[in-house]
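Student: Could you take me through one part of this protein up close? I'd like a connected walk-through.

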Amino acid sequence: MKTVSKYLFGYNFECTRRFGYGGIYAEMIDDCRLLYTDRSFYPITFDDMEGLGQCGERIHFLTDRSYAWHIVADGKVSVRFRTEYGKLIFASGEPRGVFQNKFDCPYARMEVVSDGKIKYISLKPADAVNNCRKDVLDAIKEMRPQTIRFPGGCFAEKYRWKDGLLPIEDRPAISDEGKFNLFCSHYRYDGYELNIDDYIAICRYVGAEPEWTVKLTKNDPQDAADLVEYCNGDASTKYGALRIARGFREPYNIRTWYIGNEVCFITTPEAAAALHDQFAAAMLSVDPTIKTVATTGNVENWDIKFLANATRVDRCAQHSYIEYNIPSCDLQQVLDAAEGALYRRLEAGCKRFGGRKMLFDEWNLRWGSMGDAYGGLYAAGVMTLLIRNQEQLNLEGASYFALVNEGIIRVYHDHVTLAPDGEIMKRMTEHAGGTLVPCGDTSMVVTDHGDYLWISVLNKSVSDEKLLDDIDGAYEIFTPDRENMKRVCGNGRLLSIPPASAAFIKRPKT
């Protein structure tokens with residue numbers, strides 16, 4: 001019997017998108033680099049100095065929570081924090097500090113003045129972890145992500161890792177260049193909150209294996225090789241020594257490296273193939289044990305030409321937002337999509353890749369949308385398909401897109417909750433590492449975990465109950481409830497599940 005690979009249960013962080021500001025980033029100030037002050041701030045004067053103030057839902061001071069500020073200016077500064085209605089909460093003449101808030105203050109204000117030019121204004125919860133919200137990281141940890149891919153996605157082609165080694169206030173903002181597909185963490189830019197060191201620390205915090213996407217276009221192979229050396233090299237190497245000097249003695253040991261992302265929308269297959277070979281050679285010369293993944297998987301004809309020209313491709317990427325292949329995206333189509341349209345797409349990719357391993361590194365029902373009940377049911381269908389067909393599809397791994405604010409976790413200014421996709425994926429992850437038990441029902445997965453069986457089952461009918469045979473134990477059933485899902489729990493024999501539902505059962509072995 002086969003073991004269910006943990007690498008099927010990966011996720012994406014994409015910098016920036018909704019992942020950032022309003023998501024995982026701890027930063028509470030919009031436009032901390034002060035690039036669009038007329039839009040983001042209001043003018044303020046106090047202590048005989050002029051400056052800037054901001055009020056908004058993100059500046060929500062919770063009861064008995066501490067907050068840290070950081071101001072960079074050419075002269076002395078004063079800072080004060082007020083309620084929405086102007087009552088003073090705290091004031092200081094220091095550029096950095098921490099204060100404790102005593103009562104709930106939604107839409108609070110931060111006001112900063114200086115006798116010099118103000119260059120940077122930052123405000124974060126004092127318990128932030130590597131510039132990220134601790135409550136969001138804790139929710140991610142609860143999901144048990146096996147891998148996390150960063151920095152994209154599309155934004156990987158904009159992310160310059162060496163810029164991230166600068167102090168956070170000196171890192172250049174990453175512009176969206178007016179492109180609709182980049183949902184920025186600030187107005188029209190990302191604040192560069194996460195660098196390579198932060199990302200690794202986050203992976204370790206949540207228990208995930210890191211996977212990195214290298215910038216392929218408008219870049220050079222040596223830059224990619226330097227990054228591999230920084231992550232995996234020892235003290236005898238230039239960039240390994242730099243990492244150690246920055247306080248990170250142990251190598252990061254990133255094993256999986258994506259070379260570019262969706263460059264079929266940026267350049268020709270012939271040009272991309274030449275670049276890929278150069279980058280792969282440079283990176284493997286630094287660490288021949290790493291796994292490289294080519295930027296394939298979006299346009300069939302482009303892939304064919306790319307693979308005909310590239311000579312150093314061992315693994316191929318595959319992306320799919322299946323709503324483009326199901327005309328009306330109604331509930332029945334969503335329930336059928338994994339075994340139907342998606343399987344055909346993956347099967348075609350498998351043949352096109354000619355025996356190379358496939359990384360299904362971006363998948364979701366929709367691109368750019370928050371998670372909902374349809375997305376949750378589709379996630380159940382996809383994971384069932386991948387677990388049951390990993391060998392047939394030559395799959396080495398899969399990564400759901402995305403962890404924060406586009407599927408799995410919904411982030412609000414004062415709390416965090418799982419979306420329906422997250423509720424489903426959390427339970428599908430229970431199959432990871434289990435021994436697959438043969439089952440003739442293609443909508444069901446049964447895995448053996450020693451003293452119990454973990455069973456997941458999807459009812460793909462929108463009208464009829466699904467009858468079950470000889471299943472008992474502690475169970476949960478999820479059914480659509482508008483954009484959310486209703487959860488029913490029980491313990492005992494489960495004879496059927498409702499239409500359009502997903503069920504999970506922990507059955508003790510006797």
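Student: Where does Ile 322 lie?

Tutor: Ile 322 lies in the loop between strand S16 (315–321) and helix H9 (331–352). Helices (H or I, at least four residues) and strands (E, at least two) are DSSP runs, numbered from the N terminus. A word on the source: this is a predicted model, where local features need pLDDT of at least 70, side-chain atom pairs count only at pLDDT 80 or more, and totals for chains, interfaces and linings use all residues. Residues are numbered from 1 along each chain as its sequence is written, and side-chain values use heavy atoms, leaving out hydrogens and water.

Ile 322 counts as buried because its relative accessibility is 0%; buried means under 20% relative accessible area, exposed over 50%, and partly exposed in between (1.4 Å probe, protein chains only). So what's around it? Leaving aside residues up to four places away in sequence, Ile 322 touches Ala 337, Ala 341, Leu 342, Asn 364, Leu 365 and Tyr 378, where contact means heavy atoms within 4.5 Å. Take Leu 365: Ile 322 and Leu 365 are 43 residues apart in sequence, yet 5.3 Å apart in space, C-alpha to C-alpha.

For contrast, look at another loop residue. Tyr 36 sits in the loop between helix H1 (20–24) and helix H2 (37–40), and Tyr 36 is partly exposed, with a relative accessible area of 30%.
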